[in-house]
Amino acid sequence: KGYAVDLIDDIFKSYKINNYMVNIGGEIRTKGLNFSNKKWRVDIAYPDTGSYYNSSVLSLSLSDYSIATSGDYNNYFVENQNLYSHIFDYRTGYPINNNVISATIISKNCIDADALATAAMVLGRSVLNLVNYSDSIGICLIEYDDKRNVPKIYSNEHFKEFISN
């Protein structure tokens, strides 16, 4: 989806369209300003299908950036009281088994954000060290505590620049 968003972005640029948001299934690219002459607002959903469904955990302001979120809170199954994600750990060949429930990446290109968001779901907080070298990539991880109760948010400095109140 990230690649397709970037292709549409290229088409819009070729027609000299300066203000838009492209969204394909949550992979998003922004350019310019919205109809209110402000940066585009993108919310990160609260990673829960229960009582907080349809609420947001963070609001972001973006212009000329892409964003992608990967998570397992909408696509999993439970068997014998074990939760199995649809995202597989490439190192084991099995569904991921960590406390990460959502990973959001902000990048210039949507294809990069899309790929890094899925990788961040597998790598967990160690991905924060991988992308901190670059001030052009923002990352936000949401993890449950060990009892899968209270989500905690971890992000790098570049990501914090996009958070709006």
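Me: What is the bridge partner of Trp40 in E4?

Reply: In E4, Trp40 has Leu62 as its bridge partner. This is a predicted model, in which local features need pLDDT of at least 70, side-chain atom pairs count only at pLDDT 80 or more, and totals for chains, interfaces and linings use all residues. Residues are numbered from 1 along each chain as its sequence is written, and side-chain values use heavy atoms, with hydrogens and water left out.

Me: What makes E3 and E4 a pair?

Reply: Strands pair if DSSP finds at least two bridges between them. Six bridges join E3 to strand E4 (residues 56–62), so the two meet that definition. They run antiparallel. A strand here is a DSSP run (E, at least two residues), just as a helix is one (H or I, at least four), numbered from the N terminus.

Me: Why are E3 and E11 said to stand at the edges?

Reply: The open sheet has the order E3-E4-E11, with antiparallel pairing. Strand E3 (40–45) and strand E11 (163–164) each have a single partner strand, so one side of each lacks a neighbour in the sheet.

Me: Why is Cys110 called buried?

Reply: Buried means under 20% relative accessible area, exposed over 50%, and partly exposed in between (1.4 Å probe, protein chains only). Cys110 has a relative accessible area of 0%, so it is buried. Cys140, at 1%, counts as buried too.

Me: Why is Ser66 called buried, and what does its side chain reach at 3.3 Å?

Reply: Its relative accessible area is 0%, so Ser66 is buried. Ser66 is found in strand E5 (residues 66–71). Its side chain reaches the backbone oxygen of Lys108 at 3.3 Å.

Me: What makes a group of residues a nonpolar core, and which residues have the most contacts inside the largest one?

Reply: A nonpolar core is a set of buried Ala, Val, Leu, Ile, Met, Phe, Trp, Tyr and Cys residues joined through side-chain atoms within 4.5 Å. The largest has 16 residues, and those with the most contacts inside it are Ile105, Ala120, Met121, Ile139 and Leu141. Its largest share, five residues, comes from H2.

Note on methods. Polar contact = N/O pair within 3.5 Å; in protein donor to acceptor, adjacent residues only side chain to side chain.
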